[in-house]
Amino acid sequence: MNSGSAGCLRGKERGLNFYVLSIVVAAYVLVVAYLGWLGYRRTRSAADYLVGGRQVHPMLMALAYGSTFISTAAIVGFGGVAAMYGLSLLWLVMLNIFFGIFVAFVVFGRATRRMGARLDAHTFPELLGRRFRSRFIQGFSGAVIALLMPLYAAGVMIGGARFLEVQLHLDFNLALFVFSAVVVSYVFFGGLKGVIYTDAFQGGIMFAAMVILLFATYAHLGGFASHRALTELAPLVPAKLAEMGHRGWTAMPEFGSPLWFTVVTTIIMGVGIGVLAQPQLAVRFMTVRSSRELYRALIPGSLFILCIPGVAYMVGALSNLYFMKHEGKLAIAMVMDPSGKPNVDKIIPTYIQHAMPEWFGYLFMLALLAAAMSTLSGQFHAIGTSIGRDLYQQALARGRHQERTLPIAKLGVFFGFVLTITLAYRLQPGIIAVATALFFGMCAAVFLPAYVAALFWKKATRAGVTAGMVAGLVVWALWVLFVHERESAALGISQMLFGKPSIAAGTKWTVVDSLIVALPVSALVTWLVSLVTPPMKPEELQASFGQ
């Protein structure tokens, strides 16, 4: 066959694949639209919009929880980080399953569902506010979510848009706007029911695509023997990473090294522990009928977490072996931007484009869009309800104007969309994993001690929880602005005020995540202030805990 005939065949194949892609995308959009419409039809009250009427099936809850938890940040962002740092990120999968599923469902989920039903709470801030009889706590929590969750949402948006940019050669800015607008539309109209229906469908797509990717990667690289081959690449670790403590892609970084602190404190602990206090996940526990439904969701939830991020981190690390075999380069060398810095957010999309057939690239594109849309829908819903229910209707209007809750919540969804897409256009390359870890760490520092105290400590006081939340936010913000060099250098405030990117420059504190400092401070302040302030009245505790 001559080259002209071969080129003609390839052109026909690309045309056929694009035709098939158009049909699949159209079908996908129609299904998502139908599920959003179904949520709209079944949303008849504020309870339906905010907590799905508390009648959601456990399988739907598990898939919606998992697909909201795991986003393009895990697949594209952290998958790219695994390509750079190695399989040490698999410890994050273990923490995600242990804390994010077992502890979250069995310990926190049961208590949250019971207390949420007793207090008729519809949002995470409302649960805290009604437990401690404090409009300030509810309004403060709502404001923190509304203002800081867009940072995480922007990272998720960027992950989906980056894949569209690489796979379909679309303009990044156009891709960013279009699919985020689709998400906003079904959250705006369908409420939490629309979110859960679409999330469950998208979770199924994500699961199927990641299973195919895992088997295909092992087939490319010789099965489990590829792990030994990856170990043998250790001498090729770039000098800069080796100086930071990188010892190869199948080993943990050197204990106590800057890279060890980054991997352990920021990535593994920051995200692994921070999941327990994610507002958009905690509200899922209020959607089921009973605690037994939560137990039934354990196995599918665990399998989902094991498959999605587990495969992403495995494939991310193994992509180094693939690129060395076929291109003679490590993964980070394949994604250098014009300034000479690697954009790790492009590693997984680039691997898919090089190693997988074109049809799988389209399938994986749908999986990533599903991952992004499922997480964004939960985030926009949380932002909207925080503004409409928590900040406006409870904190500012002091319980009046109940009829305005849904309209204001929908305006809040639109506000979240505008702020998120503005951040997404402005954030620097390689930001996905950083933005995710920042938000998870903030949630742990601000909300986790208050959440634990609300559910399990009857001696916690209104003043103690308020002081702990404020202290956690202040310490987290100061550490991000002035100490943790990855963020403080990018923000530039420390450089402007003190003439250096971090006030701890030259010490290991610059690589210690804010969670490690802010969470203990928040917990300690909550405990100490609760000990010295008047306890809550017995009748208030009875309303929260029952007899």
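Trainee: In this predicted model, is Arg 133 buried, partly exposed or exposed?

Mentor: Arg 133 sits in the loop between α6 and α7 (135–168), and its phi is near 50°, a positive value in a residue other than glycine. Buried would require under 20% relative accessible area and exposed over 50%. Because its relative accessibility is 34%, Arg 133 counts as partly exposed.

Trainee: Where does Asp 120 lie, and what is its relative accessibility?

Mentor: The phi of Asp 120 is near 55°, which is a positive value in a residue other than glycine. The residue is placed in the loop between α5 and α6 (124–131). Asp 120 counts as partly exposed, its relative accessibility being 39%.

Trainee: How are the axes of α5 and α11 oriented: roughly parallel, roughly antiparallel, roughly perpendicular or oblique?

Mentor: The axes of helix α5 (residues 90–119) and helix α11 (residues 258–274) come within 9 Å and cross at roughly 15°. Angles under 35 degrees count as roughly parallel, so the orientation of α5 to α11 is roughly parallel.

Trainee: Which hand does the crossing of α5 with α11 have, and how many residues of the contact are nonpolar, polar and charged?

Mentor: The passage of α5 by α11 is a right-handed crossing. On the α5 side, Trp 91, Leu 92, Leu 95, Asn 96 and Phe 99 take part, and they meet Ile 267, Ile 268, Val 271 and Gly 272 of α11.

Methods: Residues numbered from 1 in each chain as written. Predicted model: local features only at pLDDT ≥ 70, side-chain atom pairs only at ≥ 80, totals over all residues. Heavy atoms only, no water. Axes fitted to C-alpha atoms, helices over the stretch in contact; angles between N-to-C directions. Helix = DSSP H or I, 4+ residues; strand = E, 2+ residues; numbered from the N terminus. Parallel < 35°, antiparallel > 145°, perpendicular 65-115°, else oblique. Left-handed = near helix turned anticlockwise from the far one by under 90°. Contact = heavy atoms within 4.5 Å. Buried < 20%, exposed > 50% of the residue type's maximum accessible area, 1.4 Å probe, protein only.
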